[in-house]
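Here is a short briefing on how this chain packs.

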Amino acid sequence: MMTSVDTELIRVLADPLRLQIVTLLAHETLCTTHLVEETGAKQTNLSNHLRVLREAGVVETEPCGRFTYYKLRPDVIEAVANSFSDLAAAARTTHAADTKRACP
């Protein structure tokens, strides 16, 4: 069963721009300037989304001079993916056993 942490991460990742950021960061570590160029989002909007991702533990920061680089934490994404895998396995078991709750 999904925990409240999992549901919070899913909510965080459900936003289209945040999902786009995560997808970009899965391929390389980028700074805000790169992310603005890649997404077309306004810098302030992007910074707000990066803050949400950072606070949720999805990304970590790496200072480099006057820039801040963002790096995806694959273990967090993997934990969410494992929760969905567990749900799929439970559904397969339920369907294979043809388990139904009786109506009152």
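A nonpolar core is a set of buried Ala, Val, Leu, Ile, Met, Phe, Trp, Tyr and Cys residues joined through side-chain atoms within 4.5 Å. Buried means under 20% relative accessible area, with a 1.4 Å probe and protein chains only. The model is predicted: local features need pLDDT of at least 70, side-chain atom pairs count only at pLDDT 80 or more, and totals for chains, interfaces and linings use all residues. Residues are numbered from 1 along each chain as its sequence is written, and side-chain values use heavy atoms, leaving out hydrogens and water.

**Core**
- The largest nonpolar core holds 20 residues. I21, L25, L35, L46, L53, V58 and V59 have the most contacts inside it.
- At least two core residues come from each of α1 (4-14), α2, α4, β3 and α5 (74-97).

**Strands** (DSSP E runs of at least two residues; a pair needs at least two bridges)
- β2 (residues 59-64) runs antiparallel to β3, joined by 6 bridges. V59 stands opposite L72.
- The β2-β3 hairpin has 2 residues between its strands. G65 in the turn has a positive phi of about 65°.
- β1 (residues 30-31) is antiparallel to β3 (residues 67-72), with 2 bridges. L30 stands opposite Y70.

**Helix pair** (DSSP H or I runs of at least four residues)
- The axes of α2 (residues 16-27) and α4 (residues 43-55), lines fitted to C-alpha atoms over the stretch in contact, come within 10 Å and cross at roughly 75°.
- α2 and α4 are therefore roughly perpendicular (65 to 115 degrees).
- L17, R18, I21 and V22 in α2 meet α4 residues including L46, H49 and L53 (contact: heavy atoms within 4.5 Å).

Key. Axes are lines fitted to C-alpha atoms, for helices over the stretch in contact, and angles run from 0 to 180 degrees between N-to-C directions. Angles under 35 degrees count as roughly parallel, over 145 as roughly antiparallel, 65 to 115 as roughly perpendicular and the rest as oblique. Buried means under 20% relative accessible area, exposed over 50%, partly exposed in between (1.4 Å probe, protein chains only).
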